[in-house]
Amino acid sequence: VTTQELHILKKDLIARDHTTLNSLYAENKKDCFKILLSKSYASLDQAEQVYTDAILILRQNIISGKVTELTNPLSYLVSICRNLVRNENRSQLKKAKKEEQVRLLFYNNGYNEVEDTAEKTQRIQICKKALSTLTERCQQILTAYYVHRLRMKEIAEELGLSSGDVAKTLKSRCYKSWISAVKELGI
Amino acid sequence: MKLSEKQFDLIHKYLSDGLNSSEKSDFNKHLGSSDFREELMHQARLIDSLAEADASLVRDSLQDKPHLSVVKDEPTAHRPHRSPHSSRRWLMLAGAFIFLGTAFWLMTQNQETQPKKSNLIQLAETYDTPLPPGQVLRGTDEQPAQSKAMQAYANESYEEALAYFRSNTSQSVLDKIYMSNCLIQLGRFEEAKTTLKGMNFQKNDKLKDDADWYMAIAQLGLEDEVGAKTILSVIAQDSDNIYQANAQKILKKLK
């Protein structure tokens with residue numbers, strides 16, 4: 001993947017166009033599994049699990065600009081898979097920063113509620129449904145800001161909006177629509 | 001209690017790190033209300049879940065839709081949902097079956113014909129603790145590539161660290177040892193071995209101990225038992241070598 005292609009891929013991913021990512025997924029899956037299994041880096045079950053996670057990490061790293069050069073996607077994916085298996089650390093995909101921020105804020109008020117897993121799983125499902133009810137533009141803006149943590153100016157540039165302020169206004173509207181959709185779905 | 005528009009905006013801005021000083025003081029006043037606090041925690045959790053919801057949506061798209069069927073020019077929101085054709089489904093099932101069969105065959109083949117192979121790689125993995133990162137030279141323009149390389153190395157971004165180390169035209173012995181560490185962590189043992197070869201050391205240079213140790217790890221990764229044993233035997237006899245105990249342990253396991 002050339003630097004130019006990587007730049008286009010970054011733009012596509014921010015716009016939630018996963019066509020190239022899907023191609024990378026399909027093209028490297030077989031070889032990646034072959035290496036993981038033949039080198040005993042992972043069992044078949046683990047390979048199934050971590051390969052998709054590795055693709056998601058690659059996506060995140062391209063969007064965040066962490067990957068500036070990708071001469072060999074297969075080797076990159078294998079090394080991510082290997083690290084995931086070895087560390088048994090899939091927490092990279094599970095960020096809980098906002099909750100921790102609010103928990104810290106409430107600390108002095110004696111807030112000590114701990115949420116159970118079932119509740120969390122249900123919330124993720126509802127968030128997913130609510131997200132898919134939004135327009136493509138809203139999905140792009142909300143994920144670019146809250147998931148990939150891009151700045152408003154960068155979001156505007158990548159999504160072809162006239163300025164960071166326009167992106168900010170849109171984000172505000174989209175956020176309201178998303179929260180309303182979540183509430184309508186039952187939380 | 002339903003929150004007012006203003007309260008909702010304050011929560012939204014707080015969670016987007018966008019409160020100004022007067023809004024901050026308003027926000028703090030509202031924290032006294034349990035409804036406000038409850039809504040704040042609720043929305044914070046929703047934002048945290050957004051990453052997983054998004055990952056789940058992408059995961060679904062990777063697993064359910066064959067990539068060639070994605071129509072790039074059509075906006076996703078208006079893209080009609082297409083149920084997969086039954087013959088395609090059968091083809092995919094057959095493909096998956098063949099793939100799983102091949103993977104299983106490869107796995108059993110590997111176990112049957114090369115019982116020692118995985119053992120050596122496992123040893124390499126068990127003992128390949130990377131060399132601790134050196135001092136990160138923050139804010140200096142003198143050696144930006146080295147500084148970035150070390151930062152990436154400290155963050156375990158070995159591919160990135162390697163690229164920075166390689167971009168440095170005058171690589172020191174230590175740089176090369178760090179490069180070999182990156183390569184070992186990436187499972188590229190042959191390149192690690194090449195990087196470590198032919199380095200010159202001063203007498204009593206402790207870096208030689210590091211270089212020898214990681215060369216032994218690279219040999220293990222390459223399943224070169226004889227080569228690894230030769231280096232490990234030297235390390236195991238050197239009481240000043242910090243890797244002596246580990247070398248002895250590996251040699252014991254290789255017997």
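Predicted model: local features only at pLDDT ≥ 70, side-chain atom pairs only at ≥ 80, totals over all residues.
**Chain A overall**

I began with the fold of chain A and counted nine helices and zero strands, so the pattern that I wrote down along the sequence was α-α-α-α-α-α-α-α-α, with helices taken as DSSP runs. I then looked up burial, and found that 51% of the 187 residues of chain A count as buried. For the accessible surface of chain A I noted about 9,100 Å², with carbon and sulfur atoms holding 49% of it. Among contacts in chain A with a separation of 6 or more, I noted that 66% join residues 24 or more positions apart.

**Helix α1 of chain A**

I checked the length of helix α1 of chain A, residues 3-14, and its end C-alpha atoms lie 17 Å apart, which agrees with the 16 Å that twelve residues should span at 1.5 Å a residue. The residues that I listed as buried in this helix are A:Leu6, A:Leu9, A:Lys10, A:Asp12, A:Leu13 and A:Ile14. Just after α1(A) I noted A:Arg16, which has a positive phi of about 60°.

**Helix α7 of chain A**

I made the same check on helix α7 of chain A, residues 136-147, where the twelve residues should span 16 Å at 1.5 Å a residue and the end C-alpha atoms are 15 Å apart, which agrees. Eleven of the twelve residues of α7(A) are buried, so I recorded this helix as largely enclosed by the rest of the structure. Its buried residues include A:Glu136, A:Gln139 and A:Gln140, along with A:Leu142, A:Tyr145 and A:Tyr146. After α7(A) comes A:Arg149, for which I wrote down a positive phi near 55°.

**The nonpolar core**

Which residues touch the most other members of the largest nonpolar core? I found A:Tyr175, A:Trp178, B:Leu15, B:Leu40, B:Trp213 and B:Leu232, in a core of 127 residues. The element that gives the most to this core is helix α3 of chain B, residues 34-64, with 13 residues. I then followed A:Trp178 and, leaving aside neighbours within four places in sequence, found it in contact with A:Cys127, A:Ala130, A:Leu131, A:Leu134 and A:Leu142 in chain A, and with B:Leu46, B:Ile47 and B:Leu50 in chain B.

**Salt bridges**

I counted 16 salt bridges over all chains, and I looked at several of them one by one.

The pair of A:Lys176 and B:Asp9 has its closest N and O atoms 3.4 Å apart. This pair crosses between chains, from helix α9 of chain A (residues 164-184) to helix α1 of chain B (residues 5-15). I looked up the exposure of both partners: A:Lys176 is partly exposed at 26% relative accessibility, and B:Asp9 is partly exposed with a relative accessible area of 26%.

B:Arg166 belongs to helix α7 of chain B (residues 158-167) and B:Glu191 to helix α9 of chain B, so the pair ties together parts that are 25 residues apart in sequence. Here B:Arg166 is partly exposed at 40%, and B:Glu191 is partly exposed at 32%. I also recorded that both belong to a network of salt bridges that links B:Glu159, B:Arg166, B:Arg188 and B:Glu191.

The salt bridge of B:Asp212 with B:Lys208 is 2.9 Å, N to O. Both residues lie in helix α10 of chain B (residues 207-221), four residues apart, about one turn of the helix. I noted for the reasoning that an α-helix has 3.6 residues a turn, so residues three or four places apart point the same way. B:Lys208 counts as partly exposed, at 37% relative accessibility.

**A lysine without a partner**

My last entry concerns B:Lys193, in helix α9 of chain B (residues 189-196). Is B:Lys193 buried or exposed? B:Lys193 is buried yet has no salt bridge, and the nearest side chain of opposite charge, B:Glu190, is 4.6 Å away; a salt bridge needs the nitrogen within 4 Å of a carboxyl oxygen. Not counting residues up to four places away in sequence, I found B:Lys193 touching B:Met215, B:Ala218, B:Gln219 and B:Leu222.

Conventions: Residues numbered from 1 in each chain as written. Chains lettered and ligands numbered in written order. Heavy atoms only, no water. Helix = DSSP H or I, 4+ residues; strand = E, 2+ residues; numbered from the N terminus. Buried < 20%, exposed > 50% of the residue type's maximum accessible area, 1.4 Å probe, protein only. Lys, Arg positive; Asp, Glu negative; His and termini not counted. Contact = heavy atoms within 4.5 Å. Areas by Shrake-Rupley, 256 points an atom, 1.4 Å probe, with all protein chains shown as cover. Core = buried A, V, L, I, M, F, W, Y, C linked by side-chain atoms within 4.5 Å. Expected span 1.5 Å × (residues − 1).
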